[in-house]
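Consider the sequence and the fold shown below.

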Amino acid sequence: MRRSAISAFLAIVMFFLVLMSARGQAAPGQKPQMSEDVFKSVQVLRGIPVDEFMDTMGMFASSLGYDCASCHDDGIASDRAAFAITTPAIQRARQMILMMNALNRANFSGEQRVTCFTCHRGSYRPETVPNLALQYGELTDDPNAMIILPDRNGSADPIFAKYIQALGGAERLAKLTSFAAKGTYTGFTTSGAGVRVEIFAKAPNQRTQIIHMPEGDSTKSYDGHNCWVAEKWRPLPLMPLTGGNLEGARLDALMSFPAQIQKAFSQWQATSTTIEDRKIQVLQGTNTGQLPVNLYFDEAGLLVRLLRWNKVAVGTIPTQIDYSDYREVAGVKMPFHIVVTWTDGQDTFELSDIQPNVPIDAPKFATPAPFPSH
């Protein structure tokens, strides 16, 4: 099975998993529910928020090239309760998590130096014999690497200055205080078909997206402090985002008004890479106690990719956001084509219209209603 198909099938099967496993939801303002509060038969991955638990499943899928059916009982196709059945693969996974944690405690003071991907690297069985083709093949750099080799003479200031100018200039960007966008969304929940999507953003850091699914609206809303998702495929009808997922929602909101992004990080390093034979300048921003973020700029100075990470129980997973089809909106260039790729799937947003500086009522960014149950 091709990797893209694996990811898509994983997400589809996860949809059945979450419908089967949900046993309630946290009310707004309450402490997020832990994995053992929502899912059955959780033994090792206890004490972590539900969104981190689901990201951990994505780490398994990415590291081993698996989908849900690779580990769970064959009965999951017809009986959702079968997800709670302990199969040999699940039992083995529990053993591997304990082994990985022991290695990190004994050798790296508990830091996540060894993860699922360290050994598996996309294969269900780690290779033990050297690969000569790999040894003598052409060396290629991973443009999405978290650890970069910074240019000692590089500076973020001219790259950001070029970026701001490419978008239309600081004066025009300062006048953009809100926008409402419409278009189509395609993802694993739409079976390849496009459905209507609306995006609302208000400076400095509020953002809501509403995907109009046939079964009801899938909403992700960030009010400047907290983020809630009410989506069909989530483990709960209404679920708060935590940790790196919450920081990712904050970053998505900040990127809606890019003039402020440089000040959002205390330190920047510059380097360069190549993406599809294009020379790209890379800026990596860091804040104390947080994972970094990578920004990728083309020769025209426009942002073409953002990469952020989230630490989960068994390692660190990436989220890649690609931007293209920049068009002018009230004198400011904005991306109309956005692709979000992560370990559980890929979302594509094709915007058709962006209305700048429209009034947006505060409730638009408030906690959304739970996704309707059927």
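The model is a predicted one.

Helix α10 covers residues 243-255, which makes 13 residues. From the first C-alpha to the last, α10 reaches 19 Å, close to the 18 Å expected at 1.5 Å a residue. The buried residues of α10 are Asn245, Gly248, Ala249, Leu251, Asp252, Ala253, Leu254 and Met255. An α-helix has 3.6 residues a turn, so residues three or four places apart point the same way.

The paired strands come next. Strand β10 (residues 303-312) and strand β11 (residues 315-329) run antiparallel to each other and pair over eight bridges. A hairpin of two residues connects β10 to β11. Within this pairing, Leu307 stands opposite Gln320 of β11. Strand β11 also pairs with strand β12 (residues 332-342), again in the antiparallel sense, over 10 bridges. Here Arg327 has Met334 of β12 as its bridge partner. The hairpin between β11 and β12 likewise has two residues between the strands, and Ala330 in this turn has a positive phi of about 55°.

Arg305 counts as buried because its relative accessibility is 11%, under the 20% cut-off. Asp322 is buried as well, with a relative accessible area of 19%. Elsewhere, salt bridges that share partners join Lys220, Asp252 and Arg308 into one network; of these, Asp252 is one of the buried residues of α10.

The count for the model comes to nine salt bridges. Another of them joins the side chains of Glu215 and Lys232, at 2.7 Å from N to O. Glu215 lies in the loop between β3 (206-213) and β4 (216-222), and Lys232 in the loop between β5 (227-230) and β6 (239-240), so the pair ties together parts that are 17 residues apart in sequence. Both ends are partly exposed: Glu215 has a relative accessible area of 27%, and Lys232 is at 25% relative accessibility. In the salt bridge between Arg234 and Glu231, the N to O distance is 2.6 Å. Arg234 counts as buried at 17% relative accessibility, and Glu231 counts as buried at 7%.

What Asp347 does have is a polar contact of 2.8 Å with the side chain of Tyr185. Beyond four places in sequence, Asp347 touches Tyr185, Thr186, Gly187, Ile338, Val339, Val340 and Trp342.

The segment after β13 contains Pro368. Is Pro368 buried or exposed? Pro368 counts as buried because its relative accessibility is 12%. Leaving aside neighbours within four places in sequence, Pro368 is in contact with Thr219, Ser221, Trp228, Ala230 and Leu238. The C-alpha atoms of Pro368 and Arg305 are separated by 29 Å, and the two residues are 63 apart along the chain.

Conventions:
Residues are numbered from 1 along each chain as its sequence is written. This is a predicted model: local features need pLDDT of at least 70, side-chain atom pairs count only at pLDDT 80 or more; totals for chains, interfaces and linings use all residues. Side-chain values use heavy atoms; hydrogens and water are left out. Helices (H or I, at least four residues) and strands (E, at least two) are DSSP runs, numbered from the N terminus. The expected span of a helix is 1.5 Å times one less than its number of residues. Buried means under 20% relative accessible area, exposed over 50%, partly exposed in between (1.4 Å probe, protein chains only). Two strands pair if DSSP finds at least two bridges between them. A polar contact is a pair of N or O atoms within 3.5 Å; within protein, one must be able to donate a hydrogen and the other to accept it, and residues adjacent in sequence count only if both atoms are side-chain atoms. Contact means heavy atoms within 4.5 Å. A salt bridge is a side-chain nitrogen of Lys or Arg within 4 Å of a carboxyl oxygen of Asp or Glu.
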